[in-house]
Amino acid sequence: MTLIKSMTGYGRAVESVNGREFTVEIRSVNNRYLDCTVKLPRSVSFAEEAVKQAVKASVSRGKVDVYITIKSETAEDACIRLNAGVLEGYLTAMRQMVNEFGVKDDISVSAVSRLPEVFSVEKPEVDEEQLLADLMQVVKQALAGYDAMRCTEGAALDADLRNRGNSIADLVSQVEQGNAQTVVDYRARLEAKLKEVLAATNIDESRILTEAAIFADKVAVDEETVRLRSHLQQMNTMLDGGGAVGRKLDFLLQEMNREANTIGSKCTDVRLARIVVDIKAELEKIREQTQNIE
């Protein structure tokens, strides 16, 4: 069964591979689209696109930040060499300055070491293909932990949405029952009012039936409640299917709110109006939760 996933998550992996210690951290927050940023040492900048593609294969949307650090466990990464010929040239020129111009002789190691090209840094050739393979091995581990956390949070979101959907379905039933009673109460009030106004006990029954029918048509919410129930069913179907359903749920929720607003505009009874407010409150909580779903 494919579960829904949260857009927020965190994963970390540390492993030593072929003389290097790789640390990969992945964290994400909500975002409308997938936005992946990779921060890694300049020496492995060639790996940025491969890391992004690995993230893209696991994530559909969210603001994802990947942090990579690499420490060498050997001293073979760089060799510092003294350019004796260059240093000798500097010293000769400096001594000439002292002898010919009377400049104070303050030549020191710290001074000459800062001169250009006194030292050369030689780095061994790096097998980029192997280095990339080693790095991606750790990236996959971090992604696995990151994905597990998103699934755990997704399961909690799934349960919460279903519970709120059930609450809305119960409230809709109350609206349907109350709406039918509203028509009955209206007919009774209408009949009593007509008797009072006309001061007679013989009232035209057809007139009462006609007025009650007109009122019933104006306050009928059957179509809206049926559609709202259908939307709730569709939400559960989306949750059952799992995957990246966040955007679809956003659109579906707009339709639910539209039906709830129409029901609210038709409910003249104060008690029913309060129930509709409760429905809208639950829909708002669902909207907040769907913002976290991938």
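Student: At what angle do the axes of helix α7 and helix α8 cross, and within what distance do they come?

Tutor: This is a predicted model, in which local features need pLDDT of at least 70 and side-chain atom pairs count only at pLDDT 80 or more, while totals for chains, interfaces and linings use all residues. Residues are numbered from 1 along each chain as its sequence is written, and side-chain values use heavy atoms, with hydrogens and water left out.

Helices here are DSSP runs of H or I with at least four residues, numbered from the N terminus. The axes of α7 (residues 246-266) and α8 (residues 270-290) come within 10 Å and cross at roughly 170 degrees, where axes are lines fitted to C-alpha atoms over the stretch in contact and angles run from 0 to 180 degrees between N-to-C directions. That makes α7 roughly antiparallel to α8, a term used for angles over 145 degrees.

On the α7 side, the residues that meet α8 include L249, L253, M256 and I263, and among those they meet in α8 are V276, I279, L283 and I286; contact means heavy atoms within 4.5 Å. The residues of this contact divide into nine nonpolar, four polar and three charged, with Ala, Val, Leu, Ile, Met, Phe, Trp, Tyr, Cys and Pro counted as nonpolar, Asp, Glu, Lys and Arg as charged, and the others, Gly among them, as polar.

Helix α8 also holds E282, which counts as buried at 15% relative accessibility, since buried means under 20% relative accessible area (1.4 Å probe, protein chains only). Leaving aside its neighbours within four places in sequence, E282 is in contact with R164, S167 and I168.

Note on methods
Helix = DSSP H or I, 4+ residues; strand = E, 2+ residues; numbered from the N terminus. Parallel < 35°, antiparallel > 145°, perpendicular 65-115°, else oblique. Buried < 20%, exposed > 50% of the residue type's maximum accessible area, 1.4 Å probe, protein only.
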